[in-house]
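Please open the model in a viewer and keep the selection panel at hand.

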Amino acid sequence: MPWLDWISLFVRWFHVIAGVAWIGASFYFVWLDNNLRTPPKWKEDKGIKGDLWAIHGGGFYEVAKYAYGPEKMPETLHWFKWEAYTTWLSGFALLIIVYYFGASAYLIDPQVNDMSPTMAIALGLGLIFGGIAIYEFACRSPLAKYPIVFALCLVTLICVVTYLSTQWFSGRGAYIHVGALIGTIMVGNVFFNIMPNQRKMVAAVQAKESIDPQWGAGAKLRSMHNNYFTLPLLFIMISNHYPMTYQHEQNWLVLIALMAAAAWIRHFFNLRHVGKTKPSILVTGAIAMLAIALWVSWPQKPANVEVTGSGNGSGNENVAVVTDERVAELVNTHCVGCHSRTPTDDIFKVAPLGVVLDSWEDITRYAPQLVRRTTVTKDMPFLNKTGMTDEERAEIAAWFATTHANKEN
């Protein structure tokens, strides 16, 4: 349905714009709060708790934070909420458009769990809204008084959701549902805690009443939760472009490792904002990312292919000989339905990413990508809807190994 593609395009575009605004504001205010300095005495007498000077766009800016509030509430008070709300609303709309309307194509992988679209959608919604219900309950319970224990419970929740998602959905659908839960928790922090507490503060200042310190402390804590969630969520937003992660045999563990490393790296910057520079955090975070990349990229042993020739003439007699004609046959059977100038697939009416494999010249031009997507990440054919076997994948790998060896010689 072309109209659905256009709706998806505009909603995705808006989602990115809103997300940039929300994340930018979040990062800025965490940085701002951590960089406030003790003001001069005359400012303290006016009730200013901390201030900051900055230069940007050809001008000087002074930002002041009051310990209580201004003597008189200004006529224009800027609230930061719609950045969060529009990001979530557009993201949830995108989830419905892409993964729920297209559940059979993007959410359900019969090789993982063959279920009906209705069941898959119900499980997805259950993970998202059940997850935030558990999170909110924990935040409002005595557990919140023990930060370390609370953090361990939160990590456990994310790990359990990640594992369940990968057992129920396609790898791509699983990752996006973990991201949807994190995004829902983040916007829930704004809607259920940060905004109500700020409204209480404004009302108290207007009425010249005392402010409960827990209002500000609670809002700041939820803001910090969102701050550490940000980098993992950004990775999930782009993960569907990198099938080597969501198609990995241990894709749930890959996602958990990447999220943990990203949050750890974010911790370095949060400490740096308050004057604590610990390069060891950044170094260990980078090492962790490199280790994950090496682990995910480690070649898997392909299925055995019976040798049909005497070798490739390069001294490597263990490499099976697969003819060009056989590869062309496999590509025509499993790939050309989508990757053609005139696709016949029931979903893709335009070749994904513009990759066409109609001719032998096309196949040789895209050979490295073809081999990687069919034999390494194994995310092609899409959801293996044409039923490509491990033996057929191994044939393509053997063909590429043979032709590559011949070129080197």
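A residue is called buried under 20% relative accessible area, exposed over 50%, and partly exposed in between, computed with a 1.4 Å probe on protein chains only. The model is predicted, so local features need pLDDT of at least 70 and side-chain atom pairs count only at pLDDT 80 or more, whereas totals for chains, interfaces and linings use all residues. Residues are numbered from 1 along each chain as its sequence is written, and side-chain values use heavy atoms, with hydrogens and water left out.

**The whole chain**

Select the protein chain and colour it by secondary structure. The chain has 15 helices and two strands; these are DSSP runs numbered from the N terminus, helices being H or I with at least four residues and strands E with at least two. Its C-alpha trace spans about 90 × 45 × 45 Å along the principal axes. Of the 409 residues, 42% are buried. A contact means heavy atoms within 4.5 Å; among contacts in the chain with a separation of 6 or more, 63% join residues 24 or more positions apart.

**The hairpin**

Next, select residues 48-56 and 59-66. These are strands β1 and β2, which pair in the antiparallel sense over eight bridges; pairing requires that DSSP find at least two bridges between two strands. Leucine 52 stands opposite valine 63 in β2. Two residues lie between the strands of this hairpin, where glycine 57 takes a positive phi near 60°.

Now select tryptophan 53, which belongs to strand β1. Is tryptophan 53 buried or exposed? Tryptophan 53 counts as exposed because its relative accessibility is 56%. Leaving aside residues up to four places away in sequence, tryptophan 53 touches Lys43, Tyr61 and Glu62.

**The cavity**

Select Tyr99, Arg172, Tyr175, Ile176, Ile236, Ser239, Asn240 and Tyr246, which line the largest cavity. On a 1 Å grid over the protein atoms alone, a cavity is a set of points where a 1.4 Å probe fits but cannot get out, and lining residues have an atom within 4 Å of a point.

Move to alanine 207, in the loop between α7 and α8 (213-238). Alanine 207 is partly exposed because its relative accessible area is 42%. Leucine 164 is 43 residues away from alanine 207 in sequence and 49 Å away in space, C-alpha to C-alpha.

**Aspartate 345**

Finally, select aspartate 345, in the loop between α12 (324-334) and α13 (360-365). Aspartate 345 counts as buried because its relative accessibility is 9%. Beyond residues up to four places away in sequence, aspartate 345 touches Gly337, Cys338 and Lys385. Its side chain makes a polar contact with the side chain of lysine 385 at 3.0 Å. Such a contact is a pair of N or O atoms within 3.5 Å; within protein, one must be able to donate a hydrogen and the other to accept it, and residues adjacent in sequence count only if both atoms are side-chain atoms.

Conventions. On a 1 Å grid over the protein atoms alone, a cavity is a set of points where a 1.4 Å probe fits but cannot get out, and a pocket is an open set with protein on both sides within 12 Å along at least five of seven lines; lining residues have an atom within 4 Å of a point.
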